[in-house]
Amino acid sequence: MTTQEFLGKQNFTIHTQIVSDSCPSNIALIKYWGKYENQIPANPSISYTLNHCKTNTSMEFLADEPFSVQTFLAGNEEVKFAEKIEKYFKNIEEYLPWILKGKYIIRTENTFPHSSGIASSASGFGAIAKCLMKLDGIFSNELSEEESLRKASFLARLGSGSACRSLYNGLVVWGTSDEVEGSSDLFAVQYPDAEIHDIFKNFNDWVLLIHEGQKSVSSTVGHGLMNTNPYAERRFQEARENFVPMKEILKNGDMERFIKLVEHEALTLHAMMMMSDPAFILMKTGTMEVINKVWDFRREAGLPLFFTLDAGANVHLLFPNNGSEDQIKTFIETELLQHTQKNGVVKDVMTF
Ligand code: DP6
């Protein structure tokens, strides 16, 4: 598979147009952490696409104007974001040859709090890529729906790696894995529905907002730290290997092994940051307190509540809707919410 299939054709007709679309965020179970040039991941990853945490974007394309980008986030002009998008558009011109032939006014809003640590770059770039592919459909009209979605995933990846997974629902894989047919480093693919036990098709993700400040390491810097981390190669290998048990678990519904694997992935991500130079500790006291309470709860109540983490202090609490969810929700409200700032929690679900 090469980037050849995504190159844009030169026959297009542009005109002023406004399109809009929305895209959800996602939460990784096997993590992407480390990349090569041109947004090629160092290892495959798999994530759940969220149902409710989304970015809604409208894109106005003014065909008669010189190329420029203006962006508004929740109604406020964001100059820094516009600069980033301008750079991104220049970077993807070979795939959308019309892209620099007009002015853009992009209005975007998230359905979740900015400080939540929920990946707004994933949903944000996902929504922008979808809008671009809508314009492409209008201007050159040559791809099928499936091809257009795949190209949106390809383009989203070039904006932010994890964004390419947000284009698909359910469980989604990005990065070549021998365990997943059709998987690619260039775009994401949906994990086959027939290979997923029902228990994994109706899950909760409650994000505890432990710390709402600015993250102390951006993901760009974070991925870069893997270039000099002496444990990096072993980590990439482990992530690849983790697809073997993950595939078995997803098929047979082994919740105990799922929990162990997902928590291990989260802790490994943070361990990698602790072993980087410079080192980062992104967990806060509240993160640790929640993790310990989750472990105690699991031991004592025997119910399937577990966690994953992104590159930040907030805790994603995962649990299935399998009859035990009311008891788990009560435990979260009474025991875990106290470790957040201002009782902050974002409640999402993954159903498919
Ligand atoms: C920890 O996709 O935000 O969330 O490609 O530099 O934009 P860039 O990085 P990004 O990294 C996400 C890392 C992660 C794990 C994951 O989502 O797989």
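The model is predicted: local features need pLDDT of at least 70, side-chain atom pairs count only at pLDDT 80 or more, and totals for chains, interfaces and linings use all residues. Residues are numbered from 1 along each chain as its sequence is written, and side-chain values use heavy atoms, with hydrogens and water left out. Helices (H or I, at least four residues) and strands (E, at least two) are DSSP runs, numbered from the N terminus.

**Helix 7**

- Helix 7 spans residues 285–301 and has 17 residues.
- From first C-alpha to last, helix 7 reaches 24 Å, close to the 24 Å expected at 1.5 Å a residue. The expected span is 1.5 Å times one less than the number of residues.
- Which residues of helix 7 are buried? They are G286, T287, V290, I291, V294 and F297. Buried means under 20% relative accessible area, exposed over 50%, and partly exposed in between (1.4 Å probe, protein chains only).
- An α-helix has 3.6 residues a turn, so residues three or four places apart point the same way.
- The face turned away from the buried side of helix 7 carries the exposed residues T285, R299 and E300.
- The cover over the buried residues of helix 7 includes strand 10 (202–208), helix 6 (255–274), strand 11 (306–309), strand 12 (315–320) and helix 8 (325–336).
- G302 follows helix 7, and its phi is positive, near 65°.

**G286, a residue in helix 7**

- G286 is found in helix 7. At 10% relative accessibility, G286 counts as buried.
- Not counting residues up to four places away in sequence, G286 touches I210 and H339. Contact means heavy atoms within 4.5 Å.
- G286 and K101 are 185 residues apart in sequence. Their C-alpha atoms are 49 Å apart in space.

**Around the ligand**

- There are 17 residues around the ligand. Y32, S160, G161, S162 and R165 come nearest. A residue is near a molecule if one of its heavy atoms lies within 4 Å of it.
- Helix 4 (residues 219–225) gives the most to the shell around the ligand, with three residues.
- A polar side-chain atom of K35 lies 2.8 Å from an oxygen atom of the ligand.
- A backbone N or O atom of G161 lies 2.7 Å from an oxygen atom of the ligand.
- S219 has a polar side-chain atom 3.0 Å from an oxygen atom of the ligand.
- How much of the ligand's accessible area does the protein cover? The protein covers 92% of the 460 Å² that the ligand has on its own. Accessible areas come from the Shrake-Rupley method with a 1.4 Å probe; for residues, only the protein chains shown count as cover.

**D21 in strand 1**

- D21 sits in strand 1 (residues 17–30). At 22% relative accessibility, D21 counts as partly exposed.
- Leaving aside neighbours within four places in sequence, D21 is in contact with T55, N56, T57, A127, K130, C131 and K134.
- The side chains of D21 and K134 are joined by a polar contact of 3.4 Å. A polar contact is a pair of N or O atoms within 3.5 Å; within protein, one must be able to donate a hydrogen and the other to accept it, and residues adjacent in sequence count only if both atoms are side-chain atoms.
- D21 and I328 are 307 residues apart along the chain, and 34 Å separates their C-alpha atoms.

**Loop residues**

- Most residues other than glycine have a negative phi, and most peptide bonds are trans.
- A cis peptide bond joins D277 and P278, with omega about 0°. P278 is in the loop between helix 6 and helix 7.
- A74 has a positive phi, near 50°. A74 is found in the loop between strand 5 (68–73) and strand 6 (76–77). With a relative accessible area of 56%, A74 is exposed.
- N343 also has a positive phi, near 50°. The loop between helix 8 and strand 13 (345–351) holds N343. N343 counts as exposed, at 52% relative accessibility.
- Is S177 buried or exposed? S177 is buried, with a relative accessible area of 8%. S177 is found in the loop between strand 8 (171–174) and strand 9 (188–190).
- The side chain of S177 reaches the backbone nitrogen of E179 at 3.1 Å.
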